[in-house]
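User: I am new to reading structures, and I would like to understand how the words used for them follow from the values. Could we go through some examples together?

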Amino acid sequence: MRPNRSFITLDEFTIRETRRFPKATGELATILRDIGLACKLINEKVKKAGLVDILGAEGATNVQGEEQMKLDVFSNDILKNVLENSSECAGVASEEEEDFVVFDDEYSNNSKYVVLFDPLDGSSNIDVNASIGTIFAIYKRTSKLGEACNEGDFLQKGRLLMASGYVIYGSSTMLVYATKLGVNGFTLEPAFGEFCLSHPNLKCPEDGSIYSINQGNYNKFDDDVKSYLDFCMDNENKKSYRHRYIGSMVSDLHRTLIKGGVFMYPADKQNEHGKLRLMYECNPLSFIVETAGGKSTDGKGDPILDIEPQELHQRVPIYIGSKNMVDKIHSFKKA
Ligand code: AHG
Ligand code: MN
Ligand code: MN
């Protein structure tokens, strides 16, 4: 008798997707599996973060006499280590690394992909036990196979992404990823440690009622952003808006994707490029939201995904989420 199984794991799903393309080799499925493994290891550490007072704080030594590591650094090292051991990754770039990292060995030099990541996003939320995440972006390299990867492999515009995704360490742990085929979400089943398909074919609602922004920066914003926020707060407004801001882009974005709404991190008087990073925050999340039918722009009308990157740690203003809400913001922008 065949076992009756109602779930499908991340690995099974990506392999099934690969089979839809006779020429596909399954390399992308391998990278996604490797990132899934790294994030399960990060998840284990994140879930124990509240125990640092008992087990030893950062900078202190624990009972075994080992240095305690900051979670951002730990997450970065795990992702780097797992991807270096992967058979399909030529190099990585990370929020925590000043320059890109080349895995200059025979196997890696023959790998087709490079990965960029924000190993731990929203890390200031760890102290208050709120959701945090990991964001990743996967590109096919443009340099010659057999040679070490180079900067050009990383500095590709978001439109050229092969896949991108995030893991949210929340009340449950979820991995959401997008390819051109669509966006799918997987929830970690702790009993057997596998991400299982829970949110197939995710679509970002066309409209929403939640706006998400650090409103404490109001006085620093340009007039058009202020006017949009005034519009959202206007009690005479036919539609009533709600403001939600966790301060962890992955968490705010996850809510926006599921429930609809808009997330903004505009430029302001002090930061003309905003705060968030193009290559490992805005591009991968924009690719997910656009693939799910939403919209993401820099506020000037240019899609985030079409920005030609100049440097790894480049910042960009972002307006992302339900299509109608992003369009509405643009109607407040001066021509
Ligand atoms: P990180 O923890 O990777 O540095 O990212 C924090 C980011 C992002 O997650 C969040 O949306 C934003 O910073 C919050 O910034 P403010 O505190 O300025 O609102
Ligand atoms: Mn971040
Ligand atoms: Mn980070």
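Analyst: Let us begin with a term: a polar contact is a pair of N or O atoms within 3.5 Å, and within protein one of them must be able to donate a hydrogen and the other to accept it. In this model, which is predicted, the side chain of Ser 164 reaches the backbone oxygen of Pro 284 at 2.8 Å, and Ser 164 itself has its place in strand E5, residues 163–169.

User: Why is Ser 164 called buried?

Analyst: Buried means under 20% relative accessible area, and Ser 164 has a value of 0%, so the word applies. Leaving aside neighbours within four places in sequence, Ser 164 is in contact with several residues, among them Phe 136, Val 176, Tyr 177 and Phe 287.

User: What makes Ile 168 count as buried?

Analyst: Ile 168, which also lies in strand E5, has 7% relative accessibility, and because the limit is under 20%, Ile 168 counts as buried. Beyond its neighbours within four places in sequence, the contacts of Ile 168 include Ile 132, Met 174, Val 250 and His 254.

User: How do you know that H8 and H9 are roughly parallel to each other?

Analyst: The axes of helix H8 (residues 249–259) and helix H9 (residues 278–291) cross at roughly 15° and come within 11 Å. Angles under 35 degrees count as roughly parallel, and therefore H8 and H9 are described in this way. Their contact is made by Met 249, Leu 253 and Leu 257 of H8, together with Glu 281, Cys 282, Leu 285, Ile 288 and Val 289 of H9.

Note on methods. Residues are numbered from 1 along each chain as its sequence is written. Chains are lettered from A and ligands numbered from 1 in the order in which they are written. This is a predicted model: local features need pLDDT of at least 70, side-chain atom pairs count only at pLDDT 80 or more; totals for chains, interfaces and linings use all residues. Side-chain values use heavy atoms; hydrogens and water are left out. Helices (H or I, at least four residues) and strands (E, at least two) are DSSP runs, numbered from the N terminus. Buried means under 20% relative accessible area, exposed over 50%, partly exposed in between (1.4 Å probe, protein chains only). Contact means heavy atoms within 4.5 Å. Axes are lines fitted to C-alpha atoms, for helices over the stretch in contact, and angles run from 0 to 180 degrees between N-to-C directions. Angles under 35 degrees count as roughly parallel, over 145 as roughly antiparallel, 65 to 115 as roughly perpendicular and the rest as oblique.
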